[in-house]
Amino acid sequence: ARPLGEPLFESGADQDNVKGRHFKYTLVLDSDTRVVAGSVFEMLEIAAAHPDKAIIQPAIKMDCGPQDSIFMHIEAMRQAINEPLTN
């Protein structure tokens with residue numbers, strides 16, 4: 001956990017681009033996140049149906065291919081095992 005008073009995000013061009021602006025929705029993806037077709041629209045529908053919820057976080061399945069590291073494959077297996085327990 002970050003210490004009290006420490007900024008939530010590190011300073012950078014991405015943060016500066018968003019800082020002070022207001023959005024109805026914000027989608028945050030990591031550089032290695034692959035989004036299944038249609039899932040963003042599904043999340044928007046869920047968010048619109050539940051305006052009292054601040055964060056909508058789907059169970060994202062890692063899509064690993066032969067070019068990906070063994071660590072990504074292990075993480076994908078871990079997610080596949082734990083998903084039924086957490087959703």
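**Salt bridges, surface and fold of a predicted helical chain**

Glu75 forms a salt bridge with Arg78, and their closest N and O atoms are 2.5 Å apart. A salt bridge is a side-chain nitrogen of Lys or Arg within 4 Å of a carboxyl oxygen of Asp or Glu. The model is predicted: local features need pLDDT of at least 70, side-chain atom pairs count only at pLDDT 80 or more, and totals for chains, interfaces and linings use all residues. Residues are numbered from 1 along each chain as its sequence is written, and side-chain values use heavy atoms, with hydrogens and water left out.

Glu75 and Arg78 are three residues apart in helix H3 (residues 70–86), so about one helical turn separates them. Glu75 is partly exposed, at 26% relative accessible area. Arg78 is also partly exposed, at 41%. Here buried means under 20% relative accessible area, exposed means over 50%, and partly exposed lies in between (1.4 Å probe, protein chains only). Side chains of opposite charge can pair when their charged atoms come close.

A search of the whole structure finds two salt bridges. Asp52 and Lys53 also meet through their side chains in a salt bridge, at 3.9 Å from N to O. Asp52 is exposed, with 61% relative accessibility.

The chain has three helices and zero strands. Along the sequence the pattern reads α-α-α. Helices (H or I, at least four residues) and strands (E, at least two) are DSSP runs, numbered from the N terminus. Buried residues account for 7% of the 87 residues. Among contacts between residues at least 6 apart in sequence, 28% join residues at least 24 apart. A contact means heavy atoms within 4.5 Å.

Confidence was considered next. pLDDT is the predictor's confidence in each residue, from 0 to 100. The mean pLDDT of the chain is 79, and 86% of its residues reach 70 or more. Where pLDDT is low, the predicted coordinates should not be read in detail.

The accessible surface of the chain is about 8000 Å², and 59% of that surface belongs to carbon and sulfur atoms. Accessible areas come from the Shrake-Rupley method with a 1.4 Å probe; for residues, only the protein chains shown count as cover. Tyr25, Leu27, Leu29, Val35, Val40, Phe41 and Leu44 make a nonpolar surface patch of about 620 Å². Patches consist of residues with over 30% relative accessible area and no salt bridge; like charges are joined within 9 Å, and nonpolar side chains (Val, Leu, Ile, Met, Phe, Trp, Tyr) within 5 Å. Phe41 lies in helix H2 (residues 39–49). Phe41 is exposed, with a relative accessible area of 60%.

The loop between H2 and H3 holds several residues of interest, including Asp68. Asp68 is buried, at 15% relative accessible area. Its side chain reaches the backbone nitrogen of Gly65 at 2.8 Å. Ala54 lies in the loop between H2 and H3. Ala54 is exposed, at 82%. Ala54 and Tyr25 are 29 residues apart in sequence, and their C-alpha atoms are 9.5 Å apart in space. Lys61 has its place in the loop between H2 and H3 too. Lys61 is exposed, with a relative accessible area of 57%. Lys61 and Ala76 are 15 residues apart in sequence and 6.9 Å apart in space, C-alpha to C-alpha.

Definitions and conventions: A polar contact is a pair of N or O atoms within 3.5 Å; within protein, one must be able to donate a hydrogen and the other to accept it, and residues adjacent in sequence count only if both atoms are side-chain atoms.
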